[in-house]
Amino acid sequence: MAAAGGGGGASTSGCGLKRRYAAAAHTEANQDQPPSEDHCLRLRNGMDLLKDVTENKHFLPTGLEGIDMLLGGGLRQGQLTEITGPSSSGKTQVCLHSASHVAAMNMGSVMYLDTSNSFSPSRIAGIIDVLPTSLVKEPKNLRLKRVMSSIICQTVFDIFSLFEVLHQLEISLKDKVNKGGIKICLLIIDSISSLLAPIIGGKHPQGRSMMISVAMTLKKLAAEHNLSVLVTNHMVSAGNGAHKPALGESWKAVPHVRLVTSCDRASNICTATVLKHTLLASGRTMKFVLPS
């Protein structure tokens, strides 16, 4: 995998990926079977869950004040947050700012999965350059080198490549638990819909199952390794001139938090609206500014 600045597409072995997906599909098809010793059900009481939330499930700042205020601090660890909206509504900019601020504040490493060549190292550098010294107290050249080295960018252009990258990420995270060291705390996929939409349009017989498998994997990584997962999704027509998030009703239940963004490109003033949240009422809005 490549550090920020680009990287080749994930190398894949067709046979290996098909075997792995077949195994995942077999597991999904046999969910009613008793769990094996390797996957023992872990039961936790209310106090365990409260302790986990207060001690481990911190917020990772996006660096965009309006969004951080709307979400109570930023992107919650252990949860999957989706940013949806029309083209040029600020979705990728939210991803780039989130990656920059999390890395700049030494909260951990960031993995950025780029599915449409939207990752911009120069934009990252520009965001880092204007960070206030009160936030990051170090020379700009050292700050730039440290932050860029903390963002791992990988291009992923198809669903099988995504499965492979997520599998390798899970191995890496388990290794970090066993051996220690700085681990990834934020996983960004920009955009998830460009990978999933082509396989659920009726042409792929296992498309929906593969989408659900991706959803389960992302939420499992978030929960077990205390990751914050941030994905973007595009909009599709809902008829009568209205629009709705892509990927349908099956995906609608996946994100813990769902925001829709819109942006006035003349002023760079954007609006984030809550579509779904575990604690907040839908419809809450907040303005945020995308620095030019």
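Predicted model: local features only at pLDDT ≥ 70, side-chain atom pairs only at ≥ 80, totals over all residues.
Let's start with helix α4, residues 91–104, and helix α5, residues 121–129. Their axes come within 9 Å and cross at roughly 55 degrees. That angle makes α4 oblique to α5, since angles under 35 degrees would count as roughly parallel and those from 65 to 115 as roughly perpendicular. As for handedness, the crossing of α4 and α5 is right-handed. On the α4 side, the residues that take part are Gln93, Leu96, His97, Ala99, Ser100 and His101, and they meet Arg123, Ile124, Ile127 and Ile128 of α5.

From α5, the contact draws on Pro121, Ile124, Ala125, Ile128 and Asp129, while α6 brings in Lys140, Arg143, Leu144, Val147 and Met148. This set splits into seven nonpolar and three charged residues, with no polar ones. Notice that Ile124 and Ile128 turn up here and also in the contact of α5 with α4.

Now for the backbone, where a few spots in the loops are worth a look. Between Asp190 and Ser191 the peptide bond is cis, with omega near 5 degrees. Ser191 itself sits in the loop that runs between β7 (184–190) and α8 (193–196).

Two asparagines come next. Asn226 has a phi near 55 degrees, which is a positive value in a residue other than glycine. You'll find Asn226 in the loop between α9 (207–225) and β8 (228–233). Its relative accessibility is 18%, so Asn226 counts as buried, the cut-off being under 20%.

Asn240 likewise has a positive phi, near 55 degrees, and again this is a residue other than glycine. The loop that holds Asn240 lies between β9 (235–239) and β10 (242–245). With a relative accessible area of 88%, Asn240 is exposed, as that label applies to anything over 50%. To put the pair together, Asn226 is buried, whereas Asn240 is exposed.

Notes
Residues numbered from 1 in each chain as written. Heavy atoms only, no water. Axes fitted to C-alpha atoms, helices over the stretch in contact; angles between N-to-C directions. Helix = DSSP H or I, 4+ residues; strand = E, 2+ residues; numbered from the N terminus. Parallel < 35°, antiparallel > 145°, perpendicular 65-115°, else oblique. Left-handed = near helix turned anticlockwise from the far one by under 90°. Contact = heavy atoms within 4.5 Å. Nonpolar A, V, L, I, M, F, W, Y, C, P; charged D, E, K, R; others polar. Buried < 20%, exposed > 50% of the residue type's maximum accessible area, 1.4 Å probe, protein only.
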